[in-house]
Amino acid sequence: MSERAFQEEELIEEDMGTPGREMRIPLLEELEEVVPHRITFVLVLSAFFAVCGSYVFGNAVSYSSPAESGIMDELGLSLAEYSVFGSILTVGGLLGALCSGKIADLIGRRGAMWVTDVSGIVGWCAIFLSESAWSLDLGRLLLGFGVGLASYVVPVYIAEVTPKNLRGGFVSLCMLVIACGMSMTYIIGSVLNWRILACLGTIPCLLQLVGLFLVPESPRWLGYIETCQQASEHRILYIFQRKYAKALTVGLGLMIFQQLGGLDAYGFYMSSILERAGASSTAGSITTAIVRLAANIVAVFLMDKFGRRPLLLVSASGACLAGFLIGLSFLLQDYHQSTDVVSTLTFIGIVVFSGFFSLGLGGIPWIIMAEIFPINVKGSAGSLVSMVSWFGSWLVSYTFNYFFEWSSAGVFFAFSGICCSAALFIAKMVPETKGRTLEEIEASMTS
């Protein structure tokens, strides 16, 4: 990096980090004209094509469940080989998250979403044409890379093109569409062959690939790239400066609590949890899918009315109660109490967790991640936060079965305690971002 470029970078950093001062980006100075304070056709179209990436997320995550028996029977895979196929999505997600910020900064938000589409299409085609385990794993890895990239760039793009009074509701559409993608995959996968299901997975990728030509690039990224194109090297070092400590603490903390609170344990192993308690896994899956979808719809309408913090606090408290109920049910099972009591408490606990977690902790951390980081470090910081989320996802999904076998009650009491700690963290550290521009939020977080 040249000395002049380095000085420009420092000047930009100072402008972003000093309260009361604005980053001197021409497009951002005219942002009130670029981003209207009402719902427009272009805004709806932009959000629609962006959340196609969220649908792919839900589709990819849930694909391995309905496809399991078909793939194992047709290709003769062992349980160990299929476990690799299912879990390698997380490895791809880690890789995608690692370079998501850099890609989004270099080629723009739309460009990054095009990369996710190409990765998704190639991945689904590899699965569709697979005749052996290695091609299945390659396709799943490519899908994971695209999903890891999309988990960062989709909420960031929507947050940057949406007015402050609508931003929370629009960004929360990501989680709603993920839930829709998961539910549709479970339903369609129960009646269609796994190859056809993989082929159908290319449709949202193709829709987004074409649709992004019809919508504008993020005005904030355009303004940023015009001013900062010479000062883009070594930015990963800047996120560890003291003035970004609060934003990093909030972003990383929320993601850690989201994953360690048991999100993937409940999602991936719900059937085995219910069966261990003597409850119906089919009834549990259907009920939680409905409750999760309803909670996400409610969150879309409440996000900009009540704010992020109240929803997060209610969500963490409800998830804490759910973990306690399930832990209590398995504790009663250890003492050979009534099976009906154990199964009922477990069923209620899982439904309560699905509803409350979807209301806040499931999606709001991604919204806040898209809001709190200054534009000049958003790429690096967003990559770090996304990577931590994906690592937490892998850690919980990999270790849950071991802990569940060791102490079925203890693991859920631990989840309950973590969610209780999350509520305390939210009350102490997480700022309210409702009704504030991204520039106002960024200034307050770096002051």
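Here is a short chat about the predicted model shown above.

Colleague: Hi! How many helices and strands does the protein chain have?

Modeller: Hello! This is a predicted model, and its protein chain comes to 21 helices and zero strands.

Colleague: What percentage of the residues count as buried?
Modeller: Of the 447 residues in the protein chain, 56% count as buried.

Colleague: Let's switch to helix H20. Where is it, and what should its residues span?
Modeller: Helix H20 covers residues 408–429. Its 22 residues, at 1.5 Å a residue, should span 32 Å, and this agrees with the model because the end C-alpha atoms are 32 Å apart.

Colleague: Which residues in H20 are buried?
Modeller: Among them are Phe-412, Phe-415, Cys-419 and Phe-425.

Colleague: What covers the buried residues of H20?
Modeller: The cover includes helix H12 (245–260), helix H16 (308–334) and helix H19 (378–406).

Colleague: New topic: how do H4 and H8 cross?
Modeller: The axes of helix H4 (residues 41–75) and helix H8 (residues 173–189) come within 7 Å and cross at roughly 35°. The crossing of H4 past H8 is right-handed.

Colleague: Which residues meet there?
Modeller: From H4 they include Val-51, Tyr-55 and Phe-57, and from H8 they include Leu-173, Val-177 and Met-184.

Colleague: How many of the residues in that contact are nonpolar, polar or charged?
Modeller: The contact of H4 with H8 has 13 nonpolar residues, eight polar ones and no charged ones.

Methods. Residues are numbered from 1 along each chain as its sequence is written. This is a predicted model: local features need pLDDT of at least 70, side-chain atom pairs count only at pLDDT 80 or more; totals for chains, interfaces and linings use all residues. Side-chain values use heavy atoms; hydrogens and water are left out. Axes are lines fitted to C-alpha atoms, for helices over the stretch in contact, and angles run from 0 to 180 degrees between N-to-C directions. Helices (H or I, at least four residues) and strands (E, at least two) are DSSP runs, numbered from the N terminus. A crossing is left-handed if the near helix is turned anticlockwise from the far one by less than a right angle, and right-handed if clockwise. Contact means heavy atoms within 4.5 Å. Ala, Val, Leu, Ile, Met, Phe, Trp, Tyr, Cys and Pro count as nonpolar, Asp, Glu, Lys and Arg as charged, and the others, Gly among them, as polar. Buried means under 20% relative accessible area, exposed over 50%, partly exposed in between (1.4 Å probe, protein chains only). The expected span of a helix is 1.5 Å times one less than its number of residues.
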